Amino acid sequence: MSRFEQTFDHFLLEHQERYNRTYHFLILMDALISAAKRIQYYYLTGALKGNLGLAGSVNVQGENVMRMDQIAHEITIHYLEKSGRIIQAVSEESKEIITLNPDGRYFIYFDPLDGSSNIPHGLPVGFLFGIAKKNLDGPEDNHLRAGKDYIAAGMFVIPTGTFTLGLRDAGTWRFHIDETMTFVKPRKMVLPQAPATWELSFNAANRRTFSERARSWIDEHEDKYAFRYLGALAGDFHRVLANGGLFMYPAIVNHPDPNKNRPEGKLRLMYEAAVVAFMCREAGGTAVDERGMPILDIQPQRHHQRTALYVGSRELVEDIAHRLKEE
Ligand code: AHG
Ligand code: MN
Ligand code: MN
């Protein structure tokens, strides 16, 4: 008889009971896990079986050709709607905010498939999400929450079968999928204190386009650490969370073609930057933007707002934040 590993469901049930919470969150997480498994199925049968067309499109039924990120979006919305627990959803794949159930309990901000340049190669992509709860004590006044007001944030790295979830004030946990497609074996993620394993992760081809402050910091520190870059935030952050170090996507301010500058950064605040910043905080790290201000404190003005991102080990993030704030 094989040993029973603790499953994600049992882990979460225990968590909810320990903190005297309702079961609504279990129902929502079940929806997200169903979505992630189905996205992974399409990814494996599309990307890895050679059924992917140009721009990562898959022939779903007959001649109905869809891009992989659109498929991932539709799968996710389907399960979220069935869960009945989501008031509104913000998805990278939808220009407008999607209202699902006005009597629901949560707001969700998600990117159903991040790292699109990896799709045609079958390399890892991410499904990232942040969750906030409606104001139970009075009128709902703000659906676009800052990361510090998320109750949970997580990511699936597809198709590797890993799932990482940060729970407010209760740590960040990593799970692995087993032979029965069940997420098992919770492991609490704590950023390593010792710099021996720390890694730097950023698009090195962009370095001359960064601000003088970011560039000078990189010049001074890069020799001390290993360098890793996959080009998908979930995969890159997955490593930094385990090994420590710093992932950054600085503002692009010195591009030779000024039209290609991105002074606001590239990554999206609500469903990319704040999601990893939340998991990082729960694992003992931190995250800042180009002004050196905490990512989790930024109050979004627009649901698709972008930001620069520096996330990882507290010591490194605080050091570069100090440089970014210099006059
Ligand atoms: P997208 O939303 O277009 O899939 O972008 C992916 C993101 C993120 O996952 C990754 O960290 C970064 O963009 C990579 O961008 P570069 O190709 O500019 O390095
Ligand atoms: Mn994205
Ligand atoms: Mn996407």
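This is a predicted model: local features need pLDDT of at least 70, side-chain atom pairs count only at pLDDT 80 or more; totals for chains, interfaces and linings use all residues.
1. Overall make-up. The protein chain holds 17 strands and seven helices. Its radius of gyration is 19 Å, close to the 20 Å that the globule rule gives for 327 residues, so the chain is as compact as a globular protein of that length. Along the principal axes, the C-alpha atoms fill a box of roughly 50 × 50 × 50 Å.

2. Burial and contacts. Of the 327 residues, 46% count as buried. Taking contacts between residues at least 6 apart in sequence, 61% join residues at least 24 apart.

3. Domains. The chain is divided into domain 1, residues 8-189, and domain 2, residues 195-325. Their centres, taken over C-alpha atoms, are separated by 23 Å. Across the boundary, 31 residues of domain 1 are in contact with 27 residues of domain 2.

4. The domain 1 side of that boundary. Which elements give two or more residues to the side of domain 1 that touches domain 2? They are the strands β5 (106-114), β6 (125-133), β7 (152-158), β8 (162-167) and β9 (171-177). Of these, β6 gives the most, with five residues. By class, this side of domain 1 has 16 nonpolar, 11 polar and four charged residues.

5. Helix α3. This helix covers residues 68-83, and its geometry can be checked by length. At 1.5 Å a residue, its 16 residues should span 22 Å; the end C-alpha atoms are 23 Å apart, which agrees.

6. Burial along α3 and its end. The buried residues of α3 are M68, D69, I71, A72, H73, I75, T76, I77, L80 and S83. The list includes M68 and S83, the two end residues of the helix (68-83). Just after α3, G84 takes a positive phi of about 70°.

Methods: Residues are numbered from 1 along each chain as its sequence is written. Chains are lettered from A and ligands numbered from 1 in the order in which they are written. Helices (H or I, at least four residues) and strands (E, at least two) are DSSP runs, numbered from the N terminus. The expected span of a helix is 1.5 Å times one less than its number of residues. A residue is buried if 20 or more other C-beta atoms lie within 10 Å of its own, exposed if 12 or fewer, and partly exposed in between; C-beta atoms are placed from the backbone. Domain bounds come from an automatic or database domain assignment. Two residues are in contact if their C-beta atoms, placed from the backbone, lie within 7 Å. Ala, Val, Leu, Ile, Met, Phe, Trp, Tyr, Cys and Pro count as nonpolar, Asp, Glu, Lys and Arg as charged, and the others, Gly among them, as polar. The radius of gyration is taken over C-alpha atoms; the globule rule is 2.2 Å times the number of residues to the power 0.38.
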